[in-house]
Structure formats: structure tokens, C-alpha cells
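Welcome! Have a look at the model below, and then let us walk through it together, one part at a time.

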Amino acid sequence: SHDRRQVSPTTTNEKKSAALEIRQSLLESMPEIQENPDRWEVEVLMPRETLWELDDQWQAIDVEPLSKPYQGKHQVLTTFRHAQSTREVEVTVTVKRRPDAVVLARYLKRGDVIRKDDVIIAPIDESQQSSTVIRHLEDVVGRMVTQDVEPGRPLTDGMVREPILVTRRRSVSVIARRGGIVVRTPGVALADGGRNDVVMVELLDNRNVRVPARVVAAGQVEVMTGTAQVASYDEPVNRKTKFQTARIR
């Protein structure tokens, strides 16, 4: 019951132009897709034997428009018109919506913190699709890239992290809470860490003790409550590390 759309060939001596003409006709029947071509993939497949059997001198094609929902696979009846004859051919049309992802709008170097105007939401190719691709802007703004990234490249979980707030072998303020009492003591971080990362910290008032602590702010860590592993070691006579269990409340 659909109105058929008629198209004329761009070059009548190329059989492969038939699929292109059918695709263009279908796009014209789907204005919402034609207006956003980057967000959609429209593929027209014709049987190879049919393609080579077609007369080079076809003059027009009547194409049955697609019904909504457009997304998915369709069998579309097309009619090739010649000077004094017609031929009906069923073609397979696949319509896919490209997935959206967070894409860089400009080049960023390793260690740069992502600002709101550095990223956009844009469609990506199916070949770029993976379970680690990031979909939402709020998941990257304020975070740091872990490598140099070219514009137009979708961001993945492994390419971003929280900004470094404590640096290996640099001084930190170690916070311990017990009830309503807060105790601060100086320490040295033994690894780089971003917000909520857990790093080992060496206490300056007892360098034989290392404790795991959660990064809470720039230069600040908080000793983890509950049972934790505290590393106790002897230097310089014995460099072997011995672990004991300590309860930190």
C-alpha cells in the first residue's frame, strides 16, 4: 500500500550503481535518517547473480519505501524499468543506528584533565564499539587521560582515570578517625594515587610501619578502618618484608 519512489540512474552503464540508487531513494523516504546520516548505517544487498543479470540499460527504479520502525532488516521490493519491460527484484536492506560515545573534540596529552568543552557525544562506527567505551560526559569530565589522544577518538575506561592527588615518595597528611576524634600524622606515599585509590603509606614517626590508606584529597590520605595489613620491615640488616595483621579503628 506504500507509494513507490522512482529514481533514475546516475550512470546507466554501471550495474553497481543500482544499489546506490536504491539506498538514496530509501534515505529520501526516511527524512529523520537523511537529516542525520552520521548516526545511521543503511546497507543495500542485492544477490550477486541478480546484479549481473540486470540489463545495463535500465532507465528507472521504483522502490518500495520502508515502514517504521526503520531499524532492523527489511526485504524491499524494487522494480527495474526498461524501455519496454520491467523486472521486480527483492533486495535486503539493513538499517542500524550507530552507538553514541564520548569523543574528544581536541587533542589531549597524557596527564591532561578533561574539561567539559574537550568532549562531545557523537556516533561511532561499529568497529569502534566495545564494552569499555564511555557513553556519558559526566563519566569523564574532571578525569585525566592516561595517554595522548587524538580528536575524534572515542574514550574507553582504560584511557581515563582520576587526577593524581598524591605522588609516590612525596609527603602526605595521614588522617585517622576514631569516634569523633581525628588524628593527623605525616607520612610518605609509596605510589601515585587518585581520589578513592588505595595506596600504601609509610608513617614518618615509625618508618617500620606501612599502612593502606584511601586518597581523599590533594596530599591527604585516610587510614582504612577495620582489619588491614601493616607491613613491618627491618632495615638495613634484613630487607625481607614481614606482614602482620593490625586492627585500625
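## Getting started

Contact here means heavy atoms within 4.5 Å. Among the contacts in the protein chain with a separation of 6 or more, 48% are between residues 24 or more positions apart.

Please keep in mind that this is a predicted model, in which local features need pLDDT of at least 70 and side-chain atom pairs count only at pLDDT 80 or more, while totals for chains, interfaces and linings use all residues. Residues are numbered from 1 along each chain as its sequence is written, and side-chain values use heavy atoms, with hydrogens and water left out.

## The chain as a whole

The protein chain holds 3 helices and 18 strands. These are DSSP runs numbered from the N terminus: helices are H or I with at least four residues, and strands are E with at least two.

Of the 249 residues in the chain, 37% are buried. Buried means under 20% relative accessible area, exposed means over 50%, and partly exposed is in between (1.4 Å probe, protein chains only). The accessible surface of the chain is about 15,000 Å², and 45% of that belongs to carbon and sulfur atoms. Such areas come from the Shrake-Rupley method with a 1.4 Å probe, and for residues only the protein chains shown count as cover.

## Helix α1 and the cores

Helix α1 covers residues 17-28. The expected span of a helix is 1.5 Å times one less than its number of residues, so the 12 residues of α1 should span 16 Å, and the 17 Å between its end C-alpha atoms agrees. Its buried residues include A18, I22, S25 and L26. An α-helix has 3.6 residues a turn, so residues three or four places apart point the same way.

Which residues have the most contacts inside the largest nonpolar core? They are I22, M46 and V93, in a core of 22 residues. A nonpolar core is a set of buried Ala, Val, Leu, Ile, Met, Phe, Trp, Tyr and Cys residues joined through side-chain atoms within 4.5 Å. The elements giving two or more residues to this core are α1, β2 (40-45), β3, β4 and β5 (86-97), and α1 gives the most, with 5 residues. I22 touches several residues beyond four places away in sequence, among them V44, M46, I61 and F80. Another core lies apart from this one; it has 13 residues, including V166, V174, L203 and V211.

## Paired strands

## A closer look at E222

Is E222 buried or exposed? With a relative accessible area of 15%, E222 is buried. This residue is in strand β16 (residues 220-223). Its side chain makes a polar contact with the side chain of R177 (3.1 Å). A polar contact is a pair of N or O atoms within 3.5 Å; within protein, one must be able to donate a hydrogen and the other to accept it, and residues adjacent in sequence count only if both atoms are side-chain atoms.
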